[in-house]
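Please keep the sequence and the coordinates in view while reading.

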Amino acid sequence: MLALMLNSKGLPYSDPIHPIIVHFVIAMVFFSFFCDVVGYFSRNVRFLEVSFWNMLVAAIAIFVAIIVGQLEAGLAQVYPAVQPTLNFHTVMGWSLGAFVAGMTAWRFVIRNRHPQKLPPAYLGVATVLVCLVFLQVYLGSKLFWVYGLHVKPVVEAMQPGISP
């Protein structure tokens with residue numbers, strides 16, 4: 001079996017990559033929502049176009065974030081207190097990946113049929129998406145700041161012979 005050389009953070013590379021990609025996705029989804037709202041109320045088509053391209057890039061990047069997140073979650077030393085939050089974060093991540101892909105497909109259809117209009121229903125569903133992203137951010141922050149996944153002191157404390 002192939003054994004990975006892990007550093008003091010429990011990773012084969014210097015720092016976790018998942019948070020970097022995730023923050024990119026979060027920014028793209030929020031900026032897309034902002035552009036949708038501004039474009040809807042100002043009737044400025046350019047904002048709607050910017051929103052579409054942000055959602056398209058976010059839809060691609062979220063699956064990269066999910067794959068890297070699965071790898072890093074698999075390398076984490078998960079103790080029993082962490083498991084429920086990590087499981088919920090994982091399910092939410094895959095669900096958000098499907099949600100963002102679906103929203104992007106819906107947006108693609110809207111853009112092709114009526115490029116100068118955005119239905120209010122889309123804005124309503126996008127609001128739900130933004131709320132789910134906030135929940136996912138909370139869960140990810142809890143995994144790092146409360147439970148210390150891939151944080152050097154926690155990884156060192158979980159080494160055999162140190163932790164009970």
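## Helix packing

The model is a predicted one, in which local features need pLDDT of at least 70 and side-chain atom pairs count only at pLDDT 80 or more, while totals for chains, interfaces and linings use all residues. Residues are numbered from 1 along each chain as its sequence is written, and side-chain values use heavy atoms, with hydrogens and water left out. Helices are DSSP runs of H or I with at least four residues, and strands runs of E with at least two, numbered from the N terminus.

The angle between H1 and H2 is about 160°, and their axes lie 8 Å apart; axes here are lines fitted to C-alpha atoms, for helices over the stretch in contact, and angles run from 0 to 180 degrees between N-to-C directions. H1 is therefore roughly antiparallel to H2, a label given to angles over 145 degrees, with under 35 counted as roughly parallel, 65 to 115 as roughly perpendicular and the rest as oblique. The contact of H1 with H2 is made up of 22 nonpolar, seven polar and two charged residues, where Ala, Val, Leu, Ile, Met, Phe, Trp, Tyr, Cys and Pro count as nonpolar, Asp, Glu, Lys and Arg as charged, and the others, Gly among them, as polar.

H2 and H3 pack at about 155° with axes 9 Å apart, so that H2 runs roughly antiparallel to H3. Their crossing is left-handed, and the residues of this contact comprise 19 nonpolar, six polar and three charged. For H1 and H4 the angle is about 150° and the axes are 10 Å apart, which means that these two helices are also roughly antiparallel to each other; the crossing of H1 and H4 is left-handed.

## Salt bridges

Two salt bridges are found in the structure, each defined by a side-chain nitrogen of Lys or Arg within 4 Å of a carboxyl oxygen of Asp or Glu. The side chains of Asp 36 and Arg 107 form a salt bridge with an N to O distance of 2.5 Å. Because Asp 36 belongs to helix H1 and Arg 107 to helix H3, the pair ties together parts that are 71 residues apart in sequence.

## Pocket and cavities

The largest pocket holds about 780 Å³ of space. Among the 33 residues lining this pocket, His 18, Pro 19, Val 22, His 89 and Gly 140 are the closest to its centre. Helix H1 (18–42), H2, H3 and helix H4 (120–146) each give two or more residues to the lining, and H4 gives the most, with eight residues. By class, the pocket lining divides into 21 nonpolar, eleven polar and one charged.

On a 1 Å grid over the protein atoms alone, a cavity is a set of points where a 1.4 Å probe fits but cannot get out, and a pocket is an open set with protein on both sides within 12 Å along at least five of seven lines, while lining residues have an atom within 4 Å of a point. Grid points are joined across faces, edges and corners, and a volume is the space filled by probe spheres set on the points. There are three cavities of 30 Å³ or more, and the largest cavity has a volume of about 50 Å³. Residues lining the largest cavity include Leu 48, Phe 52, Arg 107 and Pro 115, and helix H2 (45–75) and helix H3 (83–113) each supply at least two residues of that lining. The lining of the largest cavity has four nonpolar, no polar and four charged residues.

Note on methods: A crossing is left-handed if the near helix is turned anticlockwise from the far one by less than a right angle, and right-handed if clockwise.
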